[in-house]
Amino acid sequence: MFNSDCFNINEKGNLTIGGYDTTEIAAEFGTPVYVMDEETVRKNCRLYKQSIDNYYGGNGLPLYASKALSCKEMCRIAASEGLGLDVVSGGELYTAMEAGFPADKIYFHGNSKTREEIEYAVDCKIGCFVVDNIDELILLNKICDEKGTKQDIMLRLKPGIDAHTHDFIRTGQIDSKFGFAIETGEADQAVKKALEYKNLNLVGVHCHIGSQIFEVEPFELAAQVMINFMADMKEKYHVVLSRLNLGGGFGIKYIPENKPIKYDKYMEKVSETVRKACEERGLDLPYILLEPGRSLVGEAGITLYRICSVKTIPGVRTYVLTDGGMGDNPRYALYQAEYDAVIANKASEERTVKVTIGGRYCESGDLIQENLMIQQPETGDLLAVFGTGAYNYSMASNYNRVPRPPIVMITDGKPRVIVRRETYADIVNCDI
Ligand code: LLP
């Protein structure tokens, strides 16, 4: 019935998460509130680790793409599950360092890293930079030279595969702001240059082919293209690229129609492809990195809102207006993202009313979902929106000077605050 088995309905007819009544969470912590089930997050982390163990002899590591939800507790959970971390800014790196995340397992992404961020990451002694462009390559080498260090790097490549087209392949993918294109010879030149820099140690290549992907084939194709490139570079420059990072993008279930495949299927198929391609090209098997973000945290989270008003415009639509909206979840406004929702205190009732869920922000596009069937809504009801564990808190803003909601984590059947609610004082904290 729901997108994850951490949800249920109790004898009062209320929605539960991790066995805890959502109406009690709202009463205790207020609304809006993000709620996460820790067990589900940990289970997902283990699925990725186990799939690498089962299908690839443990010769790899999942990195948690922390852009999906960056906070200290999530970094601690990822660390305790033995995952590495993908960070994409000085802020995400700082969060990880404050959480005590092992620096050698941190990979630093980004297509426009600043000098300050690069220096900070070098000082933190992070494991690896994923270098996006030539300017970054030059600057990183210079900074490492100034600091008298040598840095492991990978190069971000564009394999020419777009997972969102039907045949998965589209040569025009060179028009992306991320990485070096293989087909134009740009990637080849980047390898050549990287090998010339004495403060950089080129250990491998990276690609990321998209997000919310439900098929395995594009990952297999990407692996194939990347291994061919690695083999070409070995033949041409005698360089052994020992790490292959295949990025993230594994799809999750937002709505009942979404059918994500079991995550271990990716590794099962991709391992086969990698083994075959390596055999054909005479390469040793590379260490494989994956970067799941959404699929580790997305389905583990919901947002609870209080319904402040119900507005029926005869012959047009019924608006259900909440105490949150695009400030805590901008994804419908940005991408018309699909979400499912129920009235948490009427979860066992039939869904009989078609509604548009709107928020409290001064913007007509401040919607969470349109034309969704939910239970008969009334002012004061509690609305639960599913699948908000990824790219909600991390993309939230203070538009209209609304404080951002807290994150409450259900651990062993009990709620605990892992990010506290912002206050009005926080809102003016940086004001002079
Ligand atoms: N690795 C790289 C290099 C990435 O660019 C991304 C996501 C990931 C890993 C993680 O992808 P995931 O497994 O979470 O799909 N704000 C958008 C998503 C942007 C994703 C950007 N890159 C959304 O809300 O849907």
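The sulfur of Cys 430 lies 19 Å from the closest cysteine sulfur, that of Cys 71, which is too far for a bond. Cys 430 is exposed, with a relative accessible area of 70%; here, exposed means over 50% relative accessible area, buried under 20% and partly exposed in between, for a 1.4 Å probe and protein chains only. The model is a predicted one, in which local features need pLDDT of at least 70 and side-chain atom pairs count only at pLDDT 80 or more, while totals for chains, interfaces and linings use all residues. Residues are numbered from 1 along each chain as its sequence is written, and side-chain values use heavy atoms, with hydrogens and water left out.

A search of the whole structure returned 0 disulfides, a disulfide being a pair of cysteine sulfur atoms within 2.5 Å. Cys 207 is accordingly in no disulfide, and its nearest cysteine sulfur, in Cys 278, is 14 Å away. Cys 207 counts as buried, at 0% relative accessibility.

We turn next to the nonpolar interior. A nonpolar core is a set of buried Ala, Val, Leu, Ile, Met, Phe, Trp, Tyr and Cys residues joined through side-chain atoms within 4.5 Å. The largest such core has 106 residues, of which Tyr 64, Phe 129, Leu 140, Ile 153, Leu 155, Val 297 and Leu 383 touch the most other members. Helix 8 (residues 217-237) gives the most to this core, with 10 residues; helices (H or I, at least four residues) and strands (E, at least two) are DSSP runs numbered from the N terminus. Both domain 1 (7-30 + 300-427) and domain 2 (38-297) contribute residues, so this core lies between them; the domain bounds come from an automatic or database assignment. Apart from this core lies another, of 20 residues, among them Cys 6, Val 33, Ala 347 and Ala 384.

Three strands form an open, antiparallel sheet in the order 1-2-3, where two strands pair if DSSP finds at least two bridges between them. Strand 1 (7-9) and strand 3 (20-21) stand at the edges with a single partner strand each, so one side of each has no neighbour in the sheet. Strand 2 (residues 15-17) pairs with strand 3 over 2 bridges, and Ile 17 stands opposite Tyr 20.

Finally, Lys 67 sits in the loop between strand 5 (60-65) and helix 3 (72-80). Lys 67 is partly exposed, at 29% relative accessible area.
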